[in-house]
Amino acid sequence: MVDAGKNISKLLINKRVINIEDDIYQDIWELPTTVTDPIVRIIIHFRKGKPIIIHQFKILHAFNHVLSDLTVDQDKTDLSSDEDFIVTFPTPKSISHILVQHEGQDIIDDIDVYIPEKKLVQTIDDSLHVDSESISYLKPVHSKQNQKDNHLLTDGSLKTVWQADQYPAYADIDLQGDYQLDRIKVYFPEGQRVDFQLYISRDGEKFTKIADQRIEESNHNGELVAFTDPVLSRYLRLKVLYNSGAINVQVRQVRVFGQLMIKQTTTKQTAIKLASLGNLTAEEALYGIIERRLGKDYRNWFTFDLRQTDPQTYQIESSNSQVKITAASGVVAAAGLNYYLKYYCQVNLSQSGVGDHVDMPSTPKKLEAPVIRRTETKYRYAYNFTTYSYTMAYWNQTDWQNELDWLALNGVNLVLDPLGQEAVWALFLRELGYNDAEIKDEISAGTYSAWQWMGNIMGIGGPVSFQWINQRLQLAQHNHTFMKALGMTPVLQGYGGLVPDHLAEKQADINLIPQGQWCSFHRPEVAKTDNQQFLKLAETFYRIQNQVFGEISHYYAVDPFHEGGNRDGISPTTVANQVLTAMLAHDAEAVWVVQAWQENPTPELIKGIHQVGHQHALVLDLYAEKDPQWIKEANNVHGGKEFGATPWVFCLLNNFGGRMGLSGHLDVLNVNYLKAINEARCIQGIGITPEASLNNPILFDYLFEMVWHDASKERTVIDNQKWLQLYAQRRYGNSTNSASSLSLQLETVYCAKYNQLGQGAPESIINARPAAIIQSASTWGNSVIAYDKTKLIQAFELLLKDFSVNQKSAGYRYDLVALGMQVLSNKAQDVLNLVNQNLQEDNQVQFARQRRLFFEILELVDQLAEHIKIFRLATWLDAAKDSARNLDDYDQDQFMLNARMLVTTWGSLPQANNGGLHDYSNRQWSGLTRTLYKQRWQKWFETMNAQKFLHEQRATITDQDWFDIEWDWVCHSKLDSLTAPLALKPLMDKVLKVTRDGATSDD
């Protein structure tokens, strides 16, 4: 329902008209950052006068203040201006800008914008409401959300309502003493279905769960939680997972009953456990890689000579029945080790989970002459901030050691490393005047921390515990020890002004800029950089970061206004100047690492960097394999060619959100890189920047290898067919047909011209919210298969032919399953097209047949995924559980909730639907496919069948309906044990039958 009283058009600012192409005008309205509600309707008012025909008329909107990322809402031709034009959003949209493009003249008078009607709740009760029986009466309440009304939870009134913006939400009540509790009553507005949990704690740090309840219909008597044996507690935590009556959380009162044992009003500060790095030599680190990845028996095969020599060259030679590797650093020596293993032992070492092939010869292969290889790249860089959340959120020390081994073997010497930043921010906030409860609110959980470090959100997925913060710091210290030994440099966090809301209440002279929203999350404020307060904040941040990690790096990553944000009149030039000035005040050798993504770095930001010193910057051309920015010469795009002559890195992004599927620009990767090193003056290296990792391993293998070449010869273009033959041999073993399979994959999934739509691999429609026509599963993805699908089936059939000889190779099994899942995904599109045809033709028999085939494909995907550990939902959830093993009940529950949210709804209702984030991180995982995805498609097919063939009156399934299914899965799904899947070979034979012949089990 649209409430006319909520018309916010008078608040709109910055309307301007731009002649963008001769007679094409563009009107832009910017919503103020104070507008946090989604938009449901826009009304365009044309100027009064004689009506005209508008031949081109388009309405668009922008998320997050990013005008380069627009969504088209209406696109009309030959529109008359004689009446208002109305755009209605059935699912309200999070919008920062409204754009209208039209031809001719300035014809628009104004616009009206509407938001949903809000139901007001009672927050004042003037009647007498003393509740002396409850020991929580008037006790202090802490929550991250709606802090001004926290007192309503313990004010004694059953009329007032405390509400949080969205679920899940929590509130802590400090009873100010140790009480022996015998019962608790929680009151919700009547007639709602409510899911809630209760926890107790004596110290406010470690919480024990005492209740986990689903109330089908709340009533005025409240929900009772009673104890058979009294429990001792000072703190009570209420967590509400769901309220059916609203998109937010609503609670009337929390009443607690018990007897005071010890009165306490003070709280203890929790220590951050700082430690110095361990002692590890480069030789020890290198031999550790050999022992872990090959076995202890191969330690004596190799000897390493680390000396002062060309830092970008390694030499491999035979010496006294050993293999001797000479290099200037451990990481370059590791790259030499990997080359020897690849080309003299036919060994393939990949990331953990994507499949190694290790079948060592009986003795070291002797080299007739030394092999000397070098690279022009000063930097071999790794990671996107998001990799740490989409892939690494729950990694333990073993996981990290495997990854660091792989990075070293590929010569990576510069590693983005926000791990342990939680400790830095805890101490930083403590120095700014935040208490421990507030600090835990402002630090995001591991599944969401990436977007905090990029400035998009703050304090999501928590509150976190200090025990977890210390656990993360311990992991970081382990990683830093290994990196330091080998000469790998971590890229630490830079400071760009990010602060929690309400800092002005603690620092009166601070000047802050509200940032509005990011995908319907509240975006945290930033400190204005044009004053001394910013420099003081930056000095404090860097001093504390140095205290936590020591002097381990000169590289700092920070992206002011990443994916939007509000500049509030502050020039990006000033921002860049001050950010880099503050960085250099801390570290005279500092290098600012900047992501080239969307509009960043703006020409103004580049200008500010150059004012201070462009040699102190390094720009990551984040998506260079598909959309290179370094070649853009216009000065109004990133400051001109090569980012205004700023040092930069050629990066491969390829993956978005962890979404699965085979894709990549393998066929032109080497050519495009050679173009860069031959034409560019400022290129400094290559890197991988995937949003999520552990997919398409062939791309990383190729990228990191292509930057090295025989030092005695001129660099030439790689012969891709020859390279694929050698790759197949070392990854699979015998490769009678596998190389031919890879060749066909190069012509299809790994061919650049077929990978130009959307972000990342074409998404499986099985993973999408069901519909008759599906363009994508996620808002920014796509599901279009542009290549010849039959060619990929041929590639699958060829790879399958080598099963008997290669089945023991983990790399072969991984690639075979991934390829099988891709051809099934492609087939699902064909089947859905036939389903639509059956519906149009009223063909119930064929509808039923294609329906069976669709679900058979879905089940095959699930069973295939079960054969690869990292393709299982259970693996992700087990990792979340394991990472919270030594933490309290609250952390354990929250980690599991976060793990389920990220790969489905991403956040709560506003983020999933209004912010467009639902299914952004969809995965073709076993467990997820056979539960949530199957449940959604069952609902859709049942509805279609009922509407079309049973002639029942079924309501159209809305986005709200889909979210309700998804959120119930997030909160309550129980992962059933899969009946043992078919052995891999019979399963693959079924996949081939279904995809090649379109046959079901019944045929």
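I take a residue as buried when its relative accessible area is under 20%, and I keep in mind throughout that this is a predicted model.

**Entry 1: Gln452**

I began with Gln452, which sits in helix α7, residues 449–453. Its relative accessible area comes out at 0%, so I count Gln452 as buried. Setting aside the neighbours within four places in sequence, I found Gln452 in contact with Glu442, Ile443, Ser444, Ile457, Met458, Gly459 and Leu498. One of these, Ser444, is joined to Gln452 by a side-chain polar contact of 2.7 Å. Another, Leu498, is 46 residues away along the chain, and I read a C-alpha separation of 8.9 Å between Leu498 and Gln452.

**Entry 2: Thr377**

Next I looked up Thr377, which belongs to the loop running between β22 (371–375) and β23 (379–382). With a relative accessible area of 2%, Thr377 is buried. I noted a polar contact of 2.6 Å between the side chains of Thr377 and Thr375. Which residues beyond four places in sequence does Thr377 contact? I listed Gln312, Tyr673, Gln684, Gly685, Ile686 and Val707.

**Entry 3: helix α15**

I then turned to helix α15, which covers residues 720–732 and has 13 residues. From first C-alpha to last I get 17 Å, close to the 18 Å expected at 1.5 Å a residue. At the N-terminal end I found a cap from Asp719, with a side-chain oxygen 3.2 Å from the backbone nitrogen of Gln721. After the helix comes Gly733, for which I noted a positive phi, near 105°. Within α15 I recorded Asn720, Trp723, Leu724, Tyr727, Ala728, Arg730, Arg731 and Tyr732 as buried.

For the pair formed by α24 (residues 929–948) and α25 (residues 959–972), I noted an angle of about 150° and axes 10 Å apart. Angles over 145 degrees count as roughly antiparallel, and α24 and α25 are therefore roughly antiparallel to each other.

How are α19 and α24 set against each other, roughly parallel or roughly antiparallel? Helix α19 spans residues 810–840, and I have it packing on α24 at an angle of about 20° with the axes 11 Å apart, so I call α19 and α24 roughly parallel. I recorded the crossing of α19 and α24 as left-handed. Here α19 contributes Leu832, Val835, Asn836 and Leu839, while α24 contributes Trp937, Trp940, Phe941, Met944 and Lys948.

**Entry 4: Leu982**

Last, I checked Leu982, placed in the loop between α25 and α26 (984–997). Is Leu982 buried or partly exposed? At 36% relative accessibility I count Leu982 as partly exposed. Apart from the neighbours within four places in sequence, I found Leu982 in contact with Gln863, His867, Leu987 and Lys990. I also looked at Leu982 against His480, and noted that these two are 502 residues apart in sequence and 43 Å apart in space, C-alpha to C-alpha.

Terms used. Residues numbered from 1 in each chain as written. Predicted model: local features only at pLDDT ≥ 70, side-chain atom pairs only at ≥ 80, totals over all residues. Heavy atoms only, no water. Helix = DSSP H or I, 4+ residues; strand = E, 2+ residues; numbered from the N terminus. Expected span 1.5 Å × (residues − 1). Buried < 20%, exposed > 50% of the residue type's maximum accessible area, 1.4 Å probe, protein only. Polar contact = N/O pair within 3.5 Å; in protein donor to acceptor, adjacent residues only side chain to side chain. Axes fitted to C-alpha atoms, helices over the stretch in contact; angles between N-to-C directions. Parallel < 35°, antiparallel > 145°, perpendicular 65-115°, else oblique. Left-handed = near helix turned anticlockwise from the far one by under 90°. Contact = heavy atoms within 4.5 Å.
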